[in-house]
Amino acid sequence: MQSNTLDITLIWLARISSLAMAGLFLSFLMGEERRPDLLHERLSVQLIFVGWAVIFLGYLSGWRNPAAGGALVLAALAFMNLVEYFYNDRLLGPAFLLWAVPGILFLLSAYANRIRNRTGS
């Protein structure tokens, strides 16, 4: 596969997966009978929702700047794991790794694009 095709494929996989993950999150949120009142939740819950906001900011910014978007997503997941560990002495469950997939794909796309620009292909 040519480098040009690789970075285009990766960016579109990242974009599609970010839309899918955002849709999954919204389906969870809309499926709840009781909407969370973040102003009255525990600090740990508020911080986790800050992490979610940064994840979606990363998904959105990844459409224009894949490296920054991917970094934001992974940083937010690391932050959420730190919060969970600090408050509950455990890390988030393995299902949360799915939320990293678009971020990793954005970073791989940026890397492939950088390689392509460096080699002049």
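The structure is a predicted model, in which local features need pLDDT of at least 70 and side-chain atom pairs count only at pLDDT 80 or more, whereas totals for chains, interfaces and linings use all residues. Residues are numbered from 1 along each chain as its sequence is written, and side-chain values use heavy atoms, with hydrogens and water left out.

**Figure 1. The protein chain has four helices and zero strands.** Helices (H or I, at least four residues) and strands (E, at least two) are DSSP runs, numbered from the N terminus. The order of elements from the N terminus is α-α-α-α. Along the principal axes, the C-alpha atoms fill a box of roughly 55 × 30 × 25 Å. Of the 121 residues, 31% are buried; buried means under 20% relative accessible area, exposed over 50%, and partly exposed in between (1.4 Å probe, protein chains only).

**Figure 2. The largest nonpolar core has 14 residues.** A nonpolar core is a set of buried Ala, Val, Leu, Ile, Met, Phe, Trp, Tyr and Cys residues joined through side-chain atoms within 4.5 Å. The residues with the most contacts inside this core are Ile-48, Trp-52, Ile-55, Tyr-59, Leu-77, Met-80 and Trp-99. At least two residues of the core come from each of α1 (3-31), α2 (43-62) and α3 (66-88). Helix α3 gives the largest share, five residues. Apart from this core lies another, of six residues, including Ile-11, Leu-105, Phe-106 and Ala-112. In soluble globular proteins, nonpolar side chains tend to be buried together.

**Figure 3. Helices α2 and α3 cross at roughly 170°.** Their axes come within 7 Å; axes are lines fitted to C-alpha atoms, for helices over the stretch in contact, and angles run from 0 to 180 degrees between N-to-C directions. The two helices are therefore roughly antiparallel, a term for angles over 145 degrees, while those under 35 count as roughly parallel, 65 to 115 as roughly perpendicular and the rest as oblique. The contact of α2 with α3 has 18 nonpolar, six polar and no charged residues. Here Ala, Val, Leu, Ile, Met, Phe, Trp, Tyr, Cys and Pro count as nonpolar, Asp, Glu, Lys and Arg as charged, and the others, Gly among them, as polar. Leaving aside neighbours within four places in sequence, Ile-55 is in contact (heavy atoms within 4.5 Å) with Val-73, Ala-76, Leu-77 and Met-80.

**Figure 4. Helices α3 and α4 (101-119) cross at roughly 150°.** The axes of α3 and α4 come within 7 Å, and α3 is roughly antiparallel to α4. From α3, Pro-66, Ala-67, Gly-70, Ala-71, Val-73 and Leu-74 meet Gly-103, Ile-104, Phe-106, Leu-107, Ser-109 and Ala-110 in α4. By class, the residues of this contact divide into nine nonpolar, three polar and no charged.

**Figure 5. Asp-89 is placed in the loop between α3 and α4.** Phi of Asp-89 is near 55°, a positive value in a residue other than glycine. Most residues other than glycine have a negative phi. Asp-89 is exposed, with a relative accessible area of 63%.
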